[in-house]
Amino acid sequence: MASSTTFSTFEPWKDPAEKPYVCIDRVTKKFGDFVAVNDISLDIYRKELFCLLGASGCGKSTLLRMLAGFEEASSGRILIDGMDMAEIPPYERPVNMMFQSYALFPHMNVSQNVSFGLKQEKLTGQVIKTRVEEMLELVKLTQFAKRKPHQLSGGQRQRVALARSLIKRPKLLLLDEPLAALDKKLREHTQFELMNIQEQLGVTFIVVTHDQQEAMTLATRIGVMEEGYIAQVGTPTEIYEFPGSRFVADFIGSVNSFEGRITVDEPDHVIIRMLDQDVDIFVDHGVSASPNARVWAAIRPEKIHISRTDPGQARNVIRGKVKEIAYMGDFSIYLVELAGGRTVRVTQPNLRRGDPERITWDEQVFLHWLPSSIVVLTE
Amino acid sequence: MTTRGIPAVTGRIIRQAESLLKRAGLEGLAIWLARRVRRVRHLGRNLVIAIPYAWLLAFFLIPFVIVLKIALSDAAIAQPPYTPLWEWVGDQYLNIKVNLGNFMFLVEDNLYWKSYLNSVKVALVSTVACLLIGYPMAYGIARAKSAYRTILLMLVILPFWTSFLIRVYAWIGILKNNGLLNNFLMWLGVIDSPIVMLQTDFAVYLGIVYSYLPFMILPLYANLEKLDETLLEAAYDLGCKPARTFLTVTLPLSVPGIIAGSMLVFIPAVGEFVIPALLGAPDTLMIGRILWDEFFGNRDWPVASAVAIALLLLLVIPIVILQHNQARNSEANS
Ligand SMILES: Nc1ncnc2c1ncn2[C@@H]1O[C@H](COP(=O)(O)OP(=O)(O)OP(=O)(O)O)[C@@H](O)[C@H]1O
Ligand SMILES: [Mg+2]
């Protein structure tokens, strides 16, 4: 993750003196009886690249549309740069949006579409021309400048939409699934360019995406949405390593969660008794749960080790049988069946080529993990 | 069953029949059957295309040729009132007499020129007026809540439930000197003596605009209703104010609707006879009236036919423009 190093010192949300650039304050949006956005509060800081993740229909686009001014919040306030946006029409907001449906003007060709925003400003023709050329260069569409949108492929249209929203260099850019239709290579190229643009122009981005990998690499912070409200906000590392709920743990990456009861509850460690296995889980940090409470011990597949021999530890070890192996190139996925029938997902890097010692189907194996790898979730 | 389903089913039956025949050792018969069926299917497709052509031939081309024939003959006091175009003389000479004089007459007598130009002027002005009135109405209906939309559309179509003629007569009652409008204005005290409105150009324009407004609104509505609202949002988002958005996005995208509506108003308005006859002054020069006068007043069928042919040519040009435009549009939207 190259980007996380770039942003490692960029944590304005931890600085109490920093003012948020976008302040979403208890915003709710109802369509009739249906609550699409439910009491969301979010602070987003200047130069952030904030990713919104969430299942289809959870209200991501609705939230962006309220920021752009196309939907009116049923209650709550939206402030951009300290200014209440309630009375400000979309054409006066310092915001540009890339639409999920692209919304390209069908009667204009690519360069007319891209230059549309600049033509609304008082710029000379020459300036507009050079900036359009630059932008088309950036999204690699120079040779299609004279085509109409219906003569383009889906990915090309998406790039036109992206170029059209970027060209005005707004303070706040809202991108609704900007890269979904691009192939892997072009997507990586465009991600890189987005980060470049951000560094050059200091734009604040809010990006909706379905691609976790993309969110992980691009985002300074991620907001995970669930049915209209924000389940968790945090850096990619926080979201991945310290998910706040089973929903978040499940939504980002894959996870094995074991239901259990806390049997020993100390400030510096807890022991959880698995409900359906004869196994104790030792966790090396304290947990804020009531004693004897029902909890879930969540562990990521890559944090489980798999071996033929008994690791010789009393806790944090389970026996099982390999049911399925999926070779993914750089790593393999093992589905291991435990006593009682449930399966655990384990991933292991393929360190050696054609490893003769490799674990194969139907072998009896031991699964074990470090006490720090467990996340204890109460909901 | 869909329309594609029927050939599919017949195809299946035929294929089964073929394989049955083949199995029975009747190879030749099977091939013959297949060929027959293919030919019949071909015939069916041609038949479907032929029906509209036959219609056009019977009800457009043949009458047109008859009218053209009359236009090329001489007027005569006879029954029918024109000379025949060809005659056998002494059983061996075919005597063809083509009279181009009627068309020359149209060019020479400036009455016809003037009435043509006046018809075009009246039609153009009415079309523009219909557009200016109809566009906001169509836009309003297209942007209304879907529950109201049907009602509003019904209101646009409602006048068609009364005869066109009766509606034009009704305007006489409204516009005449002691009619509804004048009485109302005098009651209000705006005017002391009635304004002459009936038998003026104003009344003709009013009548045409009133009668043809739905033909403008309906195609415009059909077009504006399809307009993707996110395009307007995209324009606003890029800093375009509503008025400018209308000019740069909505208006260009509604050009096909504007053209269709304008044609539907312009073409019948050029040849309009009833409205100028009932609402216009007796000396209103419109080609539809001239045509009527030539036929029934002067009983000069050849000249009247020549007028009709010229009128037709005058109308064909905008239709060709319309078709050209539609072809270009469907190409652009494909
Ligand atoms: N104009 C509207 N009227 C009624 N319901 C709406 C309207 N717009 C959106 N919704 C509903 O609000 C919910 C959230 O929609 P939204 O478009 O924000 O989803 P999303 O998170 O962007 O989903 P996706 O990832 O599929 O784009 C959906 O259930 C949708 O059906
Ligand atoms: Mg969406």
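1. Contact here means heavy atoms within 4.5 Å. The model is predicted. From H3(B) come Phe105(B), Leu106(B), Val107(B) and Glu108(B). From H4(B) come Asn110(B), Tyr112(B), Trp113(B) and Tyr116(B).

2. Now the geometry of that pair. Two packed helices are described by an angle and a distance, both taken between their axes. H3(B) spans residues 101–108, and H4(B) spans residues 110–143. Their axes lie 5 Å apart, at an angle of about 70°. H3(B) is therefore roughly perpendicular to H4(B), since angles of 65 to 115 degrees count that way. By class, this contact holds 6 nonpolar residues, 1 polar residue and 1 charged residue.

3. H5(A) covers residues 154–166, and H6(A) covers residues 184–201. The angle between them is about 0°, and the axes are 13 Å apart. Because angles under 35 degrees count as roughly parallel, H5(A) and H6(A) fall in that class.

4. Which residues join H5(A) to H6(A)? On the H5(A) side they are Arg159(A), Leu162(A) and Leu166(A). On the H6(A) side they are Leu186(A), Thr190(A), Leu194(A) and Ile197(A). Of the residues in this contact, 5 are nonpolar, 1 is polar and 1 is charged.

5. Turn to ligand 1. There are 13 residues around it. Those that come nearest are Ser56(A), Gly57(A), Lys60(A), Ser61(A) and Thr62(A). By class, the shell has 4 nonpolar, 7 polar and 2 charged residues.

6. Where in chain A do shell residues come from? Strand S2 (34–44) and helix H2 (60–68) each give at least two. H2(A) has the largest share, with 3 residues.

7. Check the polar atoms around ligand 1. A ligand oxygen atom sits 2.8 Å from a polar backbone atom of Gly57(A). For Cys58(A), a polar backbone atom is 3.2 Å from an oxygen atom of ligand 1. His210(A) takes part through its side chain: an N or O atom there is 2.9 Å from an oxygen atom of the ligand. How much of ligand 1 does the protein bury? Taken alone, ligand 1 exposes 640 Å², and the protein buries 62% of that.

8. Asp39(A) is not a glycine, yet its phi is positive, at about 50°.

9. Is the peptide bond from Gln79(B) to Pro80(B) cis or trans? The bond is cis, with omega near -5°. Pro80(B) sits in the loop between helix H2 (27–71) and strand S1 (86–89) of chain B.

Terms used:
Residues are numbered from 1 along each chain as its sequence is written. Chains are lettered from A and ligands numbered from 1 in the order in which they are written. This is a predicted model: local features need pLDDT of at least 70, side-chain atom pairs count only at pLDDT 80 or more; totals for chains, interfaces and linings use all residues. Side-chain values use heavy atoms; hydrogens and water are left out. Axes are lines fitted to C-alpha atoms, for helices over the stretch in contact, and angles run from 0 to 180 degrees between N-to-C directions. Helices (H or I, at least four residues) and strands (E, at least two) are DSSP runs, numbered from the N terminus. Angles under 35 degrees count as roughly parallel, over 145 as roughly antiparallel, 65 to 115 as roughly perpendicular and the rest as oblique. Ala, Val, Leu, Ile, Met, Phe, Trp, Tyr, Cys and Pro count as nonpolar, Asp, Glu, Lys and Arg as charged, and the others, Gly among them, as polar. A residue is near a molecule or strand if one of its heavy atoms lies within 4 Å of it. A polar contact is a pair of N or O atoms within 3.5 Å; within protein, one must be able to donate a hydrogen and the other to accept it, and residues adjacent in sequence count only if both atoms are side-chain atoms. Accessible areas come from the Shrake-Rupley method with a 1.4 Å probe; for residues, only the protein chains shown count as cover.
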